[in-house]
Amino acid sequence: MSPVSSNAPHGQPALRTVQVLGGGNAGSSAHVRSLAEGLVARGVRVTVCAPVEADHAYDFTGAGADHVHVPRSSDPGSVAALRAACADADLVHAHGLHASFRAVLALSGRRTPLVVTWHNRARAEGARAHLLRLLERRVVRTAAVVLGTTSDLVDRARRTGARDARLAAVGLPGRRRPVDREDPDRLRPKTRAELGATGRPLLMAVGSLDRERGYDVLLDAARAWRDLDPVPLVVVAGEGPLRPELQRRIEDEELPVRLVGRREDVPELLAAADLALLTSSWESRSVLAQEALHARVPLVATRVGGVPDLVGDAAELVPYGDAEALADTVVRLLADPERRELLRERGTRQAATWPTEDETVAQVLSVYDELTQPQPLA
């Protein structure tokens, strides 16, 4: 492999990278879209290998990258397609455990450097958990560099045998300017009316309706909020396999909760809310937490994964699975406007410490240069 540079000096060819994406995680997909756009703007040739549905949703080609359809499975056909796409790559960057494992298989026998980003912790039980540990070990011992979006993911990679594991600078991709909460002529009253929250507090949760999001605990807490006057409305934006089960509970227990499905206007929904709620069993760099603090919405979140490092003292943290603590914290905040204002101010300061998309691209490029540039003689 001939040495190249991201800036292609002295007539050298532009660096060619292949980004490998499983297509199943919204956060990593948005990150790859942002990364591709930033790399292309800096003269890097980018090919994104991902399911075609991911390109339709995130428009990698619109960012200036080439797109190659590679299914999520690790069958021989998918691995062969990925191997062909990586044939003349200077560097391959895979996102997530399963995409990384496919990249390891595709690069077998080649000296192409592999960078891996872990965006989330892979979860499984029983025999599948053992298989995931084997995949993790194979991936981190093959990768030249493992980037973890939280310190505990970096520690996990090191414990598993990574040669080089670092904390990734990951900006919030594609963040739109939040609605001005102080402007009465903006959309806040209209949004609250649409959701049915006129004259009552609005509590907002966002995320797929699956077991890890802790929505069963949220519904448990919502039982206590029925006794408040006025009764707060909990709105959950997202879709997933638990919708029938959650909807049954909401109706049977007459809970003040609305499931509004997948929404494209989450920043507007958050800007209209009095509180944002994050009840997950584990999070890395939660998009909801970042959006809430950017929008100056007080956040109540579970003390799990990367959440404490992400939000600092700018949110109220509760133990995962503790419905009573969640309910009590929300009641206390709703009754304490001074505390809510303090959290808004802290949120603005905390958000200013997070990396930007440009800083994210700059860190990734520095890693690429380390792995592709000729090293000076000692």
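Student: Which elements make a β-α-β unit with strand 7, and what is its handedness?

Tutor: In this predicted model, strand 6, helix 6 (residues 151-160) and strand 7 form a β-α-β unit, and the unit is right-handed. Strand 7 covers residues 165-167, and strand 6 pairs with strand 7 in the parallel sense over three bridges. To place yourself on screen, find Leu147, which stands opposite Arg166 in strand 7.

Student: And how does strand 6 pair with strand 5, over how many bridges?

Tutor: Strand 5 (residues 114-118) and strand 6 are parallel partners too, over four bridges.

Student: How should I read the two faces of strand 6: which residues lie on each side?

Tutor: The general idea first: side chains in a regular strand alternate between the two faces of the sheet. Now the case at hand: strand 6 (residues 145-148) has Val145 and Leu147 on one side, with Val146 and Gly148 on the other. Those four residues are all buried, leaving both faces of the strand covered.

Student: Let me try a helix residue. Why does Thr360 count as buried?

Tutor: Thr360 belongs to helix 15 (residues 357-372). Its relative accessibility is 5%, and the cut-off for buried is under 20%, so Thr360 counts as buried.

Student: Which residues is Thr360 in contact with, leaving aside neighbours within four places in sequence?

Tutor: With those neighbours set aside, Thr360 is in contact with His31, Ala169, Val170, Gly171 and Pro355.

Note on methods
Residues are numbered from 1 along each chain as its sequence is written. This is a predicted model: local features need pLDDT of at least 70, side-chain atom pairs count only at pLDDT 80 or more; totals for chains, interfaces and linings use all residues. Side-chain values use heavy atoms; hydrogens and water are left out. Buried means under 20% relative accessible area, exposed over 50%, partly exposed in between (1.4 Å probe, protein chains only). Two strands pair if DSSP finds at least two bridges between them. A crossover is right-handed if, with the strands pointing away from the viewer, the path from the first strand over the helix to the second runs clockwise. Contact means heavy atoms within 4.5 Å.
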